[in-house]
Amino acid sequence: MLLRWIISVFLNAVALIVVAQLFSAFQLDGFGTALLASVILGILNAIVKPVLVVLTLPITLLTLGLFLFVINAITLMITQAIMDESFVIEGFGTAIIAAVIISILNLLLNKLVKDSVT
C-alpha cells in the first residue's frame, strides 16, 4: 500500500511537471517542488476534497460531475497557497485547465504503470 502511494505521488509530480511545461502561467521550481506539491495535494485530496464534494453535491449532480474539476482546481490553488513562491498558478482559469490535464495525465500514467506491473 505504501509503495502504491509513493508511485501515485511520483506520477502526480510528473503530471505537474508536464502541465508546468505546457503553460507559462503554471510555474514550478523543479522536480523536488513537484514532489512536495504532489504530497500536499494528496493530503488535501484526502482531507479537504471529500468535504468540498459533500458540500457541492447538488451542483456536482446538476453538472453530471464536471464540477469536480472545479474542486480539483480549488485543491490546486490551496496547494499553491501553501507552497508560496515555489509553486505559482496565475489565475483560477489556469487552475481549472491544469486540473483537467492533470486528471487525464494521471489516468494515463496510472494505466501505463498498472499495465506494466501486472
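**Pockets, surface residues and backbone of a predicted model**

Asp84 is placed in the loop between helix 4 and strand 2 (87-89), where helices (H or I, at least four residues) and strands (E, at least two) are DSSP runs numbered from the N terminus. Asp84 is not a glycine, yet its phi is positive, at about 65°. The structure is a predicted model, in which local features need pLDDT of at least 70, side-chain atom pairs count only at pLDDT 80 or more, and totals for chains, interfaces and linings use all residues. Residues are numbered from 1 along each chain as its sequence is written, and side-chain values use heavy atoms, with hydrogens and water left out.

A positive phi, of about 60°, is also found at Leu64, again not a glycine. Leu64 belongs to the loop between helix 3 (57-62) and helix 4. Leu64 is exposed, with a relative accessible area of 78%; buried denotes under 20% relative accessible area, exposed over 50%, and partly exposed the range in between (1.4 Å probe, protein chains only).

Leu62, in helix 3, likewise counts as exposed, at 74% relative accessibility. Leu62 and Ile104 are 42 residues apart in sequence, and their C-alpha atoms are 22 Å apart in space. In helix 2, Leu55 is exposed with a relative accessible area of 65%. Between the C-alpha atoms of Leu55 and Ile97, which are 42 residues apart along the chain, the separation is 22 Å.

Leu2, Trp5 and Ile6 make a nonpolar surface patch of about 330 Å². Patches consist of residues with over 30% relative accessible area and no salt bridge, like charges being joined within 9 Å and nonpolar side chains (Val, Leu, Ile, Met, Phe, Trp, Tyr) within 5 Å. A salt bridge is a side-chain nitrogen of Lys or Arg within 4 Å of a carboxyl oxygen of Asp or Glu. Accessible areas come from the Shrake-Rupley method with a 1.4 Å probe, and for residues only the protein chains shown count as cover. Leu2 lies in helix 1 (residues 2-22) and is exposed, with a relative accessible area of 59%.

The largest pocket has a volume of about 380 Å³. Of the 18 residues that line this pocket, Asn12, Leu41, Asn45, Ile102 and Asn106 are the closest to its centre. Two or more lining residues come from each of helix 1, helix 2 (31-55), helix 4 (67-83) and helix 5 (92-117). Helix 5 supplies the largest share of the lining, six residues. By class, the lining of the largest pocket comprises seven nonpolar residues, 10 polar and one charged. Ala, Val, Leu, Ile, Met, Phe, Trp, Tyr, Cys and Pro count as nonpolar, Asp, Glu, Lys and Arg as charged, and the others, Gly among them, as polar. A pocket is an open set of points on a 1 Å grid over the protein atoms alone, where a 1.4 Å probe fits, with protein on both sides within 12 Å along at least five of seven lines; lining residues have an atom within 4 Å of a point.

The second largest pocket holds about 290 Å³ of space. Its lining has 10 residues, with Arg4, Ile7, Asn110, Val113 and Lys114 nearest the centre. Helix 1 and helix 5 are the elements that give two or more residues to this lining, and helix 1 gives the most, five residues. The lining of the second largest pocket divides into six nonpolar, two polar and two charged residues.

Technical notes:
Points joined across faces, edges and corners; volume = space filled by probe spheres on them.
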